[in-house]
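Dear colleague,

I am handing over the structure below, and my notes on it follow. Please read them with the coordinates open beside you.

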Amino acid sequence: MSRLQAPRGTFDVLPEDGRRRIELGRLAAAVLRRAGYEPFETPVFEDTELFARGVGESTDIVQKEMFTFEDKGGRSLTLRPEGTAGVCRAYIEHGMHKLPQPVKVFYEGPFFRHEAPQAGRFRQFSQIGAEAIGSEDPSLDAELILLLAEILREAGVPDARLRLSSLGSLETRTAYLDELKAYLRAHEGELSDEARGRIDQNPLRAFDTDHAGTAAVMGGAPLLLDRLAPEDAEHFAAVRGLLDDAGLAYDLDPTLVRGLDYYTRTVFEFESAQLGAQRGVAGGGRYDKLIEQLGGPPTPGVGFAAGVERILLASGERDTDAAPDVFVAVAKPEKGREAFGLANSLRERGLSVQLEQAGRSVKGQFKHADRLGARNVVIVGDEIEVKDMQSGEQRAVAGADEVAQALA
Ligand code: HAM
C-alpha cells in the first residue's frame, strides 16, 4: 500500500521542535502576563463572513488563501487565517466592553492560509498573538511593541529589525490611496506590468518592488505619513516618543504594507535577516474601526501576532535540555514491578525520571541511560543502588526517600 504523507504545506512537530515550542510558549506567556495580558482562546474555525468583514474582501488572504468549507447544515465556515477578527468577535459576543478597559488578552494556536509553501511559509502555522481592546492610548501601541521585542530577544532572535509606520484614519487612507492611484496612472508607462495591473486593487504594493522603473517612480510618490491628520500624527509621535524613551530602535518606514485591511494608525513589523524571503517574524498594529465593522460598539484596539515557526527558524539550533535526573534500571526481570513503583514515587517527588521499558540487558540499560544524558542511574536489584553518571560513584540506598535525598 502507498504510504500517506502530511498534506502539502503542513508539518509534523517532532520532539526536539516540540520542546522548543513549549519553551517559547512559556516565555511568551510569562512576558505577556507580567504586563496584564491574560490567556484567551477562540475556535479554530469561524463563520466565513467574519473574515470577509474583518480581514477585508480585497486582501489576498480573503481572495485566495482561505480554507473554506460548508458544514452539513450548508453554512460556510473558514479555518481561521489570523486571530484578531475572532478575538474581536468574542469581545462583542461576551459584552466585554462592560469590563474595565482595556481588555488585554493573548493566544497561541494554529492558523491556516492557502499560500505557496516554501521555507518559513506554511499552510498550517502557529502564532502567538496579543490584543489590547478598548483604549486608544498610545502607551498600548508602545507596550505591545516592547513586549514583542522582549519575546523575540528572549527567544534568541538575534537581529530583529522593527519597521514602524502609521496609516492614519480610514478617511485619510482612502484620500491618500486616490492620490497614489492618480500618481501611478500618470506614470503608468514606467511601471512593471505587475505594478500597473495592481493600481486599482492594491496600489501600495508598488512600493515593494525589484523593478528599476517602478522603484524610480515610487521614489517620488506621495507618502501616507505626510498626509496624516493632526490627531493621528500626534498619536504616532506619542508612540514613537515612548519607544525612544525605552531605547528601542526602529526604522520609520512609510512604505510598510500589511496584508490585512483593518489597520488604522500604528502599524509595525519585525523582520529577521536569518529568514530570507519570508523575513517577517511578527507584525501588528491598531484597528480602531474593526469592532464596529463587526457589529459591536465603537471600540479601538491594537495587537500583534508572531509566527512561532519563523521565530524558531530565526533563533537557530537551540536545543532545550531533555535529560532526565534519573534513569531507573532493572537488574533482574522480577524486579520490574519494584522499579516501576520507585520511578513513580521519584516522579511524585518532582524528579524527571525514565525507566527501562524495552527489556534491555543491564549493559544495554546503562548505554541507554547514557544516550538519554541521565545524570544518575538507580539500579533496582537485590538492593537499590544509585550511580552518579558523572563521577561514577555508586552507593546503596534504602528506598525512594533515600534516593531523592541522595540526588538533592
Ligand atoms: P500577519 O502579519 O498576517 O498578522 O501574521 C503575523 C505573523 O504570522 C507573520 O509575521 C508571520 O511570522 C506569521 N505567518 C503569517 N503567515 C504565515 C505562513 N503562511 N507561514 C508561517 N508563518 C506565517 C496577523 O495575522 C495579525 N492578526 C496580527 C495582528 C494582531 N494585528 C493586530 N493584532
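I begin with R89, which has its place in helix 4 (residues 84-93); helices (H or I, at least four residues) and strands (E, at least two) are DSSP runs, numbered from the N terminus. This is a predicted model, in which local features need pLDDT of at least 70 and side-chain atom pairs count only at pLDDT 80 or more, while totals for chains, interfaces and linings use all residues. Residues are numbered from 1 along each chain as its sequence is written, and side-chain values use heavy atoms, with hydrogens and water left out.

The side chains of R89 and E46 are joined by a polar contact of 2.8 Å (a pair of N or O atoms within 3.5 Å; within protein, one must be able to donate a hydrogen and the other to accept it, and residues adjacent in sequence count only if both atoms are side-chain atoms). Leaving aside residues up to four places away in sequence, R89 touches T42, P43, E46, L50 and L294, where contact means heavy atoms within 4.5 Å.

Helix 4 itself is largely enclosed by the rest of the structure, because 8 of its 10 residues are buried (under 20% relative accessible area, with exposed meaning over 50% and partly exposed in between, for a 1.4 Å probe and protein chains only). The buried residues are T84, A85, G86, V87, C88, R89, A90 and Y91, and they pack against strand 2 (45-47), helix 2 (48-54), strand 5 (103-112), strand 6 and helix 10 (290-293). Just after helix 4, G95 takes a positive phi of about 55°.

Turning to the sheet, 8 strands form an open sheet with mixed pairing, in the order 1-5-6-11-10-9-7-8. Strand 1 (38-39) and strand 8 (251-252) stand at the edges, each with a single partner strand, so one side of each is left without a neighbour in the sheet. Two strands pair if DSSP finds at least two bridges between them.

Strand 11 (residues 301-307) is largely enclosed by the rest of the structure, because 7 of its 7 residues are buried. Both of its faces are covered, with G301, G303, A305 and G307 buried on one side and V302, F304 and A306 buried on the other. Strand 6 (residues 124-133) runs antiparallel to strand 11 and is joined to it by 7 bridges, with A132 standing opposite V302. Strand 10 (residues 280-286) also pairs with strand 11 in the antiparallel sense, over 5 bridges, and here G285 stands opposite G303.

Strand 7 (residues 161-166), in which R161 lies, pairs with strand 8 in the parallel sense over 2 bridges, and L164 stands opposite L252 of strand 8. R161 counts as partly exposed, at 36% relative accessibility. Not counting residues up to four places away in sequence, R161 touches D251, E269, F270 and E271; R161 and E269 are 108 residues apart in sequence, yet their C-alpha atoms are 8.1 Å apart in space.

Finally, a search of the whole structure finds 1 cavity of 30 Å³ or more, a cavity being a set of points on a 1 Å grid over the protein atoms alone where a 1.4 Å probe fits but cannot get out, with lining residues having an atom within 4 Å of a point. The largest cavity holds about 50 Å³ of space, and it is lined by S165, S166, L167, Y176, L204, L224, P254, T255 and L256.

With regards

How values were computed. On a 1 Å grid over the protein atoms alone, a cavity is a set of points where a 1.4 Å probe fits but cannot get out, and a pocket is an open set with protein on both sides within 12 Å along at least five of seven lines; lining residues have an atom within 4 Å of a point. Grid points are joined across faces, edges and corners, and a volume is the space filled by probe spheres set on the points.
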